[in-house]
Amino acid sequence: MGKRIKLRTLFFGGIMTLLFLILIGRIYLVQVVDGAMWYDEAKKRWAAADTIAAKRGEITDRDGNVLAMDTIAYNVSVDPQIIHEADIAEEVIDGLHETLGIPKDELDKQVKAQKDDGTYYRSRELRKGGWQIDKTVADGIRTFRDELEEKLKDDKKAQDTGIYLTETLKRYYPRDSLASQLVGYVSLDGENKTGVEAYFDDQLTGVDGFIKYEKDGKRVQLSKGEVDYQAPKDGSNIKLTIDSDIQQYVVEALRDIVEKYAPKSATAIAADPNTMEILAMANMPEFNPNEYGKYDYASFYNHAVGSLYEPGSTFKIATLAAAVEEGVFNPDEIYQSGSIVVPGDPRPIREHNRVGWGKISFLDGLKYSSNVAFVKLGFERLGADKLRDYFTKFGFGQKTGIELTNELPGLINLKYNRDIASASFGQGQVQVTAIQQVAAVAAVANGGKLMVPHIVKSITDPSTKTTTVHEPKFVRQVISEQTSKQVGEYLEQVVSDLEKGTGRNAYIEGYRVAGKTGTAQKVINGKYSTDKFLVSFIGYAPVDNPRIVLYIMVDEPNDPLVGGGTVAAPAFREIVLKSLRKMGVAPNWDLIEKEQEEEQNKEIQISVPDLKGLKVSQAQAELQGQGMAFELVGGGGTVLSQIPSAGSLIHPTQKVYLVTETKDQLSVPDLTGVSLRDALELTSLIGARLVPEGTGYVVSQQVIEQNGERLVKVKLSPPEGSEGYAQAMSEGNANETGGADDDSEDSGSGTGSDGGDDENGGSPDTGGDSGDSGGSGGVGTEGSQGGEN
């Protein structure tokens, strides 16, 4: 018996010893042999890491006004497993639907999301509607979550609702749609970008930082644990050349064009002709990058660099400059206008009014925008090689190098005589971009220097505090300074000659303005359309010291009888006048006095017809037939009264106002910025009495009722920067000295009417046979009734 007990004891003791030896071996294996490996695995379990997001660089205008910036936002996610365990799925769906506006069926998929094996997911992001939400919406989520936690607490359940908010950054555009196609946008997921945001993505994008630390089981950082930290590196800040004020002037003018003419699109570019810094770039339709998901593709497109078109007569500036440089343009030389035939093609190229103006000088041909004059200059005198060479020197057929994506190079393809002749006046095998037009005309304005257009003034690295300034880039000397000066004087007469000049609606009293209108037929299905046009105006001011060059292009206005002089020139005038005032460029008071003297000495020649009682369409046709400008006052269909009255003798540039509603139905318009003369005329139309104080331009107005009469009290002041302005400021009032009594910004502008373009009548016939746009096919001529090419 004792022996058996002894054997059992030895047996169990041996087993225990063996197990102990195995345990010791195992411990040795884990702690010594594989110790390093298991230590690394343990560190992974202790380790925690958080990403510290870097800020994307700011985009500002030239004055530091922010156009794009990063701001705090929040992402919403849910834990389907926790929500399922707490049995609150329906409450969560209802609450998030009410707070975020996400459809319930979409929330149902995310909140109840399961894997293939039937288990619930631990995290689902609500990217559609719960991604990068604002703080106000996030506060609503917090309130709902707190209420739900209280309910769980009362039901003695776990208090985790499975709803989480993560702080992040999102792109925000403080000026909304201002310069939206230029600045571009960044999508919520950061994958899609346009505009400056896309072109300078590498510079704008920062490098995220991180912090790595060790934690305990409750995710609390260990006090003596290892910490690895790297600070984020924010993206560079970009200052653009854009002037937000001028950008706003451009946008407002384009909106007015869209409201009146409902075109497919409208584009404008303003630049400093001496440096080619872009001061404004806008397109219609526009979009708000803060809500980019609400707009279609057409709203994002930047036509300024990404659309090709036949430019029409604005392109004649390049032909004119080449002709002057080569000495083949004599402004006083007489030629026969009307039509011309080029060798190898029997179809005549005609004027836009079809019959021409008889024998006229080449300078008058420029004023009238004669196609025949430019065929003679471009095709006959310069020839294909020189014409092509100058077009290339001006930058056509090649990218300008502006810092924007999707820029197109354009096309200059002059193979046949008809192509060369048509290209001389901007049609046929010529396709350009708006930015090319601006760069070329800037070269004409600035002394003949072609410059690279650019939109970035400087880039600043916030880490090193270093700033890289983008200097103007000179490309080549295209024409001489003397030629530049001569061409400017010729183009000035296109605007200042209020009888012959096609650009007269761009005339600004007190400023020397050079410009050219354009009305180009569009190619539809390989043929030139008779009712779809692209109308435009390009010019610069002041001629003797250019500060701004501006191009306005309107694609397919809803009235085929209007041209660049009617649609684009008035907008040009408005934008340039406001911009010059903003720049502090004072009017030339000597020029104003000279213009007023000439105006007083001119013989009044036109008698105003009796339009009272006519339908608006009849009155319009009557005025159009006489080449008289007019403006509708009110929204009625019949002319109730007119100013001036029937039989009045007026200057050809004076407007006839057609009142179509009773005076008590007409509201007082905004008179800010108009001259005293214009203010008197406008208030008289609506049956109100003007009470002026000071002279110059209206700076404020107040409408009051007194004894049953509407009084419009206005304060006037000379333009900022003028001698009269300085004296007015020193005297504490708005009186001018040495200036004109009535510095009208509208004086003498435009004889064209809404029913036709800015020429002296004409036929809707396009002149010449239309042909295919390619090869040697005829191109027809540009223009519409009264339409300028």
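I start with a charge over a ring: the charged end of R127 sits over the ring of W131, 4.1 Å from its centre. Here, sitting over a ring means that NZ of Lys or CZ of Arg is within 6 Å of the ring centre and within 35 degrees of the ring normal. R142 does this with Y74, its charged end being 5.0 Å from the centre of that ring.

A word on the source. This is a predicted model, in which local features need pLDDT of at least 70 and side-chain atom pairs count only at pLDDT 80 or more, while totals for chains, interfaces and linings use all residues. Residues are numbered from 1 along each chain as its sequence is written, and side-chain values use heavy atoms, with hydrogens and water left out.

Next, aromatic pairs. The structure holds 14 of them, a pair being rings of Phe, Tyr and Trp (its six-membered ring) with centres within 6.5 Å; planes under 30 degrees apart count as stacked, over 60 as edge-to-face and the rest as tilted. One of these pairs is Y185 with F287, edge-to-face, at 6.0 Å centre to centre and 80° between the planes. Y185 and F287 are 102 residues apart, so this pair links distant parts of the chain. F287 also pairs edge-to-face with F300, at 4.6 Å centre to centre and 90° between the planes. F287 lies in the loop between β10 and α11 and F300 in helix α11, so this pair ties together parts 13 residues apart in sequence; helices (H or I, at least four residues) and strands (E, at least two) are DSSP runs, numbered from the N terminus.
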